[in-house]
Amino acid sequence: MEFSAMLGSIGLCVGAIVAAAVIYFVVTAIKGKRVERKERAMLKQHRDQQGKRAQR
C-alpha cells in the first residue's frame with residue numbers, strides 16, 4: 001500500500017473518531033440541559049409549596 005493511501009485511511013479513522021466524540025458531547029449537553037430544566041421546575045414547585053404553607 002502506498003504511503004499516501006495509508007495516510008488517507010488513517011485520516012478517515014481519526015475523522016470518524018473525532019466526529020463520534022463531537023456527537024457524544026452534543027448529545028450529553030442536550031440531555032444535561034433537559035435534566036437541569038426539570039430540576040429547576042421541581043425546585044420552583046417545591047418553593048411555591050413552601051411559600052403557600054408559610055402563608056397559612
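Select Glu36, which counts as partly exposed at 42% relative accessibility; in this scheme buried means under 20% relative accessible area, exposed over 50%, and partly exposed in between, with a 1.4 Å probe and protein chains only. The model is a predicted one, in which local features need pLDDT of at least 70 and side-chain atom pairs count only at pLDDT 80 or more, while totals for chains, interfaces and linings use all residues. Residues are numbered from 1 along each chain as its sequence is written, and side-chain values use heavy atoms, with hydrogens and water left out.

The term salt bridge stands for a side-chain nitrogen of Lys or Arg within 4 Å of a carboxyl oxygen of Asp or Glu. Glu36 and Arg40 both belong to helix α1 and are four residues apart, about one turn of the helix, where helices are DSSP runs (H or I, at least four residues) numbered from the N terminus. Arg40 counts as exposed, at 52% relative accessibility.

Next, select Lys31, Lys33, Arg34 and Arg37, which form a positive surface patch. Such patches are made of residues with over 30% relative accessible area and no salt bridge, like charges being joined within 9 Å, and Lys and Arg count as positive. Within this group, centre the view on Arg34, which is found in helix α1, residues 3–55, and is exposed with a relative accessible area of 54%.

Finally, turn to the aromatic rings, of which the structure holds one pair. Tyr24 and Phe25 form this pair, which is edge-to-face, with 5.5 Å from centre to centre and 70 degrees between the planes. Rings pair if their centres lie within 6.5 Å, and planes under 30 degrees apart count as stacked, over 60 as edge-to-face and the rest as tilted. Are the two partners buried or exposed? Tyr24 is exposed, with a relative accessible area of 54%, and Phe25 is exposed at 58% relative accessibility.

Technical notes. Patch = residues over 30% accessible without salt bridge, like charges linked within 9 Å, V, L, I, M, F, W, Y side chains within 5 Å. Areas by Shrake-Rupley, 256 points an atom, 1.4 Å probe, with all protein chains shown as cover. Charge placed at Lys NZ, Arg CZ, Asp CG, Glu CD. Helix = DSSP H or I, 4+ residues; strand = E, 2+ residues; numbered from the N terminus. Phe/Tyr/Trp six-rings, centres within 6.5 Å; stacked < 30°, edge-to-face > 60°.
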